[in-house]
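Biologist: Can you bring the model up, so that we can go through it together?
Modeller: Here it is.

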Amino acid sequence: MHKNRLEAFSDGVLAIIITIMVLEMKVPHSEDLAALYSLLPVFLSYVLSFVYVGIYWNNHHHLLHAVRGVSGSVLWANLHLLFWLSLFPFVTGWMGENHFAPLPTAFYGFVLLMAGVAYWILTRTIISVEGKDSLLAKAVGKDRKGNLSIILYAVAIPVAFYNHWISQALYVVVALMWLVPDRRIEKVLTERET
């Protein structure tokens, strides 16, 4: 099967997720700066989630460039990823509205963890369909960065109940690790073209 519909559907879902997140930010009913200051946690949680959605969109784009076609199992694995990403607006709003309180921060981390696991499953499903000698398999290799991300999320969740700022810092660290699109895939695709 062709991958075009999968790409178009995924892009549409991610665009809707970003739209829902920004619509969750309520306009202040006052014209002073103090009203904006009270929205700072909501805005910061939005920025972090916007960056994460951007990272997933960017890496998903690169991932699918290395794929020849998709199967039913790839479609389901992709839907699994989109399910967890679709929870971003909820956990973003909950965490921001509650000023990064421990439980919402931990739940935010749980959704990040599950999205990371879902992306890992999607990657492995594509590799199982394309073969161990595929471009994607060569590009991903042992996927140390992906595995480290999952470990950091898993650490950040319980840490949120002791110090939620450490959890937030871990979420930012993982985002910074992925801010640049996955160069491993770009490198393999460039080598294929030459």
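**The largest cavity and its lining**

Modeller: By class, the lining of the largest cavity holds 12 nonpolar, 5 polar and 3 charged residues, where Ala, Val, Leu, Ile, Met, Phe, Trp, Tyr, Cys and Pro count as nonpolar, Asp, Glu, Lys and Arg as charged, and the others, Gly among them, as polar. This is a predicted model, in which local features need pLDDT of at least 70, side-chain atom pairs count only at pLDDT 80 or more, and totals for chains, interfaces and linings use all residues. Residues are numbered from 1 along each chain as its sequence is written, and side-chain values use heavy atoms, with hydrogens and water left out.

Biologist: Which helix gives the largest share of that lining?
Modeller: H3 does, with 5 residues; helices are DSSP runs (H or I, at least four residues), numbered from the N terminus.

Biologist: Which residues are closest to the centre of the largest cavity?
Modeller: Of the 20 lining residues, those are Tyr56, Gly116, Tyr119, Gly146 and Trp178, a lining residue being one with an atom within 4 Å of a cavity point, on a 1 Å grid where a 1.4 Å probe fits but cannot get out.

Biologist: Switching to Ser45, is that buried or exposed?
Modeller: Ser45, which is placed in helix H3, counts as buried because its relative accessibility is 1%, and buried means under 20% relative accessible area (1.4 Å probe, protein chains only).

Biologist: What does its side chain reach?
Modeller: The side chain of Ser45 reaches the backbone oxygen of Thr92 at 3.1 Å.

Key: On a 1 Å grid over the protein atoms alone, a cavity is a set of points where a 1.4 Å probe fits but cannot get out, and a pocket is an open set with protein on both sides within 12 Å along at least five of seven lines; lining residues have an atom within 4 Å of a point. Helices (H or I, at least four residues) and strands (E, at least two) are DSSP runs, numbered from the N terminus. Buried means under 20% relative accessible area, exposed over 50%, partly exposed in between (1.4 Å probe, protein chains only). A polar contact is a pair of N or O atoms within 3.5 Å; within protein, one must be able to donate a hydrogen and the other to accept it, and residues adjacent in sequence count only if both atoms are side-chain atoms.
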